[in-house]
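Biologist: Hi! Could you walk me through some of the helix packing here?
Modeller: Happy to, here it is.

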Amino acid sequence: MEEDTDYRIRFSSLCFFNDHIGFHGTIKSSPSDFIVIEIDEQGQLVNKTINEPIFKISEIQPEPNNFPKKTKLDLQNLSFEDGRNQEVNTLVKYTDGDQNHPSGSEKEDTISDGTSKCEEKADVLSSFLDEKTHELLNNFACDIKEKWLSETELIGLPLEFSIGRILDKNQRASLHSAIRQKFPFLITVGKNSEIVVKPNLEYKELCHLVSEEEAFDFFKYLDAKKENSKFTFKPDANKDHRKAVHHFVNKKFGNLVETKSFSEMNCSTGNPNVVITVRFREKAHKRGKRPLPECQEGNVIYTAFTLRKENLEMFEAIGFLAIKLGVIPSDFSYAGLKDKKAITYQAMVVRKVTPERLKNIEKEIEKKRMNVFNIRSVDDSLRLGQLKGNHFDIVIRNLKKQINDSANLRERVMEAIENVKKKGFVNYYGPQRFGKGRKVHTDQIGLALLKNEMMKAIKLFLTPEDLDDPVNRAKKYFLQTEDAKGTLSLMPEFKVRERALLEALHRFGMTEEGCIQAWFSLPHSMRIFYVHAYTSKIWNEAVSYRLATYGARVVEGDLVCLDEDIDDENFPNSKVHLVTEEEGSANMYAIHQVVLPILGYNIQYPKNKVGQWYHDILSRDGLQTCRFKVPTLKLNVPGCYRQILKHPRNLSYQLMEDHDIDVKMKGSHIDETALSLLISFDLDASCYATVCLKEIMKHDVL
């Protein structure tokens, strides 16, 4: 197989967004130079037992609204006393599209609309809004409601109402939540820190099918997004009408909820009534993959913990833990993947293992440069993306100016950092997403899976590098002989994924069906990882093409996210707007609002040259008819959207001479005058520190 030479220039050819000069330096000289700490959904660093920062950067003041210390806003229990309004920003947690679906504290079966709760929402609004704005908002809501109830059109009424600019993001988030909970028939959108309130046309459409009371309660239920809760419409004996309700809910919110009809006995007539029940879609990680006795009895044990690993691939760490605990890798769940050459902290959950059992292997796993702590019982698994982001503490050593640059090095470094802090960086997927092999990369395997080329995907997975070590000797033997049993005897024990595939191939044979069974020996999260690698590669190429074609202008046919407070990729099509010719000419949107689709079956493409580029790429890769579903492997790829620019948060830095910091590079001889950069920042989930550093330094960092 020929070496993928194109891959070697793939990341060196990615474009930059800023125009500063940059500088050279070395990252990951040792794992301790690159520390990654996951930030959970509550905004807390998962290494809670470590109270002191990794680097004490006392001279640089942190930015306001410290990112990892935000907590979730509970609108049901929050109260504001006089003189405490300024503390609101420390109570807010806003992520994963919570502007549209804030957490509520409703009971599992129903969402009630008691007077006291309405009063609480009014109190929350009063704490944020001045009396006049609050009154105008109430008047706007009443006008909309009266027009709808009278079945007249909104002629003569303003179609939107501006709350004004709210500079603090946390206050914006809580205002979005409070308004939607008090007025489910309204929607809120963010425009350059301004909150705009509009009529919820989907609410009005539902009112044509069900009572206004049901529509009100249904949208409160949707907005609360309470896990494991359900909503039930009133009994309905008309099958055609029920069908229309099913169709409406699934068409508008099918990616979020599912509907089912159930019969219940009418006590007065003795005849069955049928009700439609809505519930949030079950996450993939909750669906049982094996008929375990404890699953049937509802007694599955889940143990959560924080994993610290050093210079170790995550899947290798999971494989080792699985062996020691007597479970399989798919019993582990996690929120995100982490770097290998680094010290990383991340949350994990393991099934069928008690906290005591996990504690018993603490000493043993230390030999593999792993530690587990914060061990505790929980009720459920984790899912990919169930995190706020990641915190990074990084040392960049041996700083040097670019060739022929006569400027002061310190000034160059500060200029670069401040530029990216202000303007952001292109939100590329980092090279870690695609593996570091020189012959085969994860995106190639993903493409083969999408094309249902199972045998080719297996061979790609087991293609050796030009290295003479036990792993690559075993892979070379397999490609030469297709002898799975013989290869198993050569493959080291720690290569858990390779051995799982080989054991399945030995059992089922090197046939198309045997290869399918082999892929099923890996957890769903690993199978989908390869497909996501391919869609990520295409997204990287798409954003480079977009910026090369149109630059920083927002043009007709671009896709923009109307809600600037969304921090992740999991936002619905309803949040994506196609820029019109008039909007493009009027410069209504900024480049940081532009998003590009990540391939899948439920996305829309830009309506300009970029959209045509996507279709050309699909044809190039033989996917012009691809539905982005691989039924044989139970893989569904709905797709999503990714912002083309991101900003580092809470960024602080310090320039130091190498002899002033802890140097842990073995055998290194460092000039005492060499400069190093200590830099710390937070990134949203699915953003890459190496990509941010590449934009700062203006040269390849890996």
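**Helix packing chat**

Modeller: At 1.5 Å a residue (times one less than the number of residues), the 27 residues of helix α19 (residues 524–550) should span 39 Å, and its end C-alpha atoms are 38 Å apart, which agrees. This is a predicted model, where local features need pLDDT of at least 70, side-chain atom pairs count only at pLDDT 80 or more, and totals for chains, interfaces and linings use all residues. Residues are numbered from 1 along each chain as its sequence is written, and side-chain values use heavy atoms, with hydrogens and water left out.

Biologist: How many residues of α19 are buried?
Modeller: 20 of the 27, so α19 is largely enclosed by the rest of the structure. Buried means under 20% relative accessible area, with a 1.4 Å probe and protein chains only.

Biologist: And what follows α19?
Modeller: G551 does, and its phi is positive, near 65°.

Biologist: At what angle do α13 and α19 pack?
Modeller: About 105°, with the axes 7 Å apart; α13 covers residues 442–450. That makes α13 roughly perpendicular to α19 (65 to 115 degrees).

Biologist: Which residues of α13 meet α19?
Modeller: Among them are I445, L447 and L449 of α13, while the α19 side includes F529, Y530 and V531. Contact means heavy atoms within 4.5 Å.

Biologist: New topic: how do α4 and α6 cross?
Modeller: The axes of α4 (residues 169–182) and α6 (residues 212–224) come within 9 Å and cross at roughly 155°. The two helices are therefore roughly antiparallel to each other (over 145 degrees).

Biologist: Which residues make that contact?
Modeller: S177, R180, Q181 and K182 of α4, with F216, K220, D223 and A224 of α6.

Terms used:
Axes fitted to C-alpha atoms, helices over the stretch in contact; angles between N-to-C directions. Helix = DSSP H or I, 4+ residues; strand = E, 2+ residues; numbered from the N terminus. Parallel < 35°, antiparallel > 145°, perpendicular 65-115°, else oblique. Buried < 20%, exposed > 50% of the residue type's maximum accessible area, 1.4 Å probe, protein only.
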